[in-house]
Amino acid sequence: MAKIQIVMFNLLTLVLLVLCTGFYIWYRPRIVAVTQRSQVWCVLVAGSRGWINYRHQADVLHAHRMLTRSGVDASRIITFLYDDIAYNQNNPFPGVVRNQANGTNLYRSELIDYKGSDVTLKIFERVLLGLDSSQENEKSWKTLQSSPSDTVLIYFAGHGGQQFLAFPDKPLTRDNLRDVLLRMKRQGRFNQMLIYLEACESGSMFAGLESVLTELKVLGVTATNSTGPSYACCYDSAVDNYLGDAFSVSLFESSQVLDSLSSRVSDQVEYLRNSVPVSEVTVYGDGSQLAKRVYKFFGWTIRRGKRISATPRTLPDLISVRELS
């Protein structure tokens with residue numbers, strides 16, 4: 001009888017050990033993610049203005065919502081948005097900005113750090129370098145106050161061309177971007193960086209800089225290659241406008257179907273490529289970042305039931321941005 005009790009005790013101990021080990025394996029990424037949360041800084045930019053470019057501001061507002069819902073501290077998200085869409089005279093729904101027809105209203109004025117005439121190339125560069133412009137403009141600016149151990153995510157939605165991204169005042173060139181990234185690294189502004197670009201010919205911002213990006217631990221993911229257009233989507237007849245860009249909408253939807261704690265950046269890129277086959281989603285720079293878990297750049301979530309890989313839906317009303325121009 002004693003031997004049976006000993007065997008049962010040992011079996012019970014083994015079962016508990018297996019259960020505890022399984023729970024640790026399941027829960028450990030969440031513990032790590034919580035510690036990583038404070039290390040993520042994000043800069044979101046809508047580089048255009050005007051009613052015809054509605055989708056760019058909707059994209060950025062959606063990006064903000066995605067990041068905060070994933071656990072990124074809102075105080076570490078810096079947003080550039082011209083803010084001439086929500087109450088534009090052409091908007092049939094004043095104060096409403098959506099990224100898809102009948103979708104959630106994403107607009108909240110308090111989310112915007114830089115608007116109107118403050119959406120400039122100079123201020124964008126100063127934000128990345130952590131430089132306070134208050135003495136010049138009698139304003140208190142929110143800037144990147146990251147450390148050498150931090151992760152930085154930059155997202156841009158707007159227009160682009162050969163080796164430039166358009167701001168309302170003047171373009172950010174490839175050389176400008178390279179120089180700013182080098183200065184940021186020298187100043188200890190980041191450990192690793194992920195840059196998502198939604199613009200025509202956006203690949204040209206990184207083409208030829210692969211070795212520099214790799215040395216800096218920067219990965220660039222672009223909506224298209226160096227010569228192709230990006231694609232708008234989600235036309236809303238009630239607004240008479242395209243509400244989103246295909247690459248960006250797919251990026252946001254990936255956060256809903258991919259488990260950010262289990263899936264890797266490479267899974268996210270694959271999702272984007274499958275979702276927008278009409279353009280060539282391209283990756284540049286430090287390929288080692290592709291193996292990183294998504295939460296290291298996009299925050300964390302404790303929601304389960306998501307998949308590591310998923311088949312994206314077909315986005316409605318795809319159209320080349322060049323046709324809109």
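Predicted model: local features only at pLDDT ≥ 70, side-chain atom pairs only at ≥ 80, totals over all residues.
Is Lys185 buried, partly exposed or exposed, and what is its relative accessibility?

**View 1. Lys185 in its helix.** Lys185 sits in helix 5, which covers residues 174–186. Its relative accessibility is 25%, so Lys185 counts as partly exposed; the class runs between the 20% and 50% cut-offs.

**View 2. The surroundings of Lys185.** Once neighbours within four places in sequence are set aside, Lys185 is in contact with Phe190, Asn191, Leu216 and Lys217. Leu216 lies 31 residues away from Lys185 along the chain, yet the C-alpha atoms of Lys185 and Leu216 are separated by 6.9 Å.

**View 3. Helix 3 beside helix 5.** Here we move to the helix pair. The axes of helix 3 (residues 121–128) and helix 5 come within 10 Å and cross at roughly 25 degrees. Angles under 35 degrees count as roughly parallel, and helix 3 and helix 5 are therefore roughly parallel to each other. Their crossing is right-handed.

**View 4. Residues where helix 3 and helix 5 meet.** From helix 3, look for Leu121, Glu125 and Leu128; they meet Asn176, Val180 and Met184 of helix 5. Sorted by type, the residues of this contact comprise 4 nonpolar, 1 polar and 1 charged.

Terms used:
Residues numbered from 1 in each chain as written. Heavy atoms only, no water. Helix = DSSP H or I, 4+ residues; strand = E, 2+ residues; numbered from the N terminus. Buried < 20%, exposed > 50% of the residue type's maximum accessible area, 1.4 Å probe, protein only. Contact = heavy atoms within 4.5 Å. Axes fitted to C-alpha atoms, helices over the stretch in contact; angles between N-to-C directions. Parallel < 35°, antiparallel > 145°, perpendicular 65-115°, else oblique. Left-handed = near helix turned anticlockwise from the far one by under 90°. Nonpolar A, V, L, I, M, F, W, Y, C, P; charged D, E, K, R; others polar.
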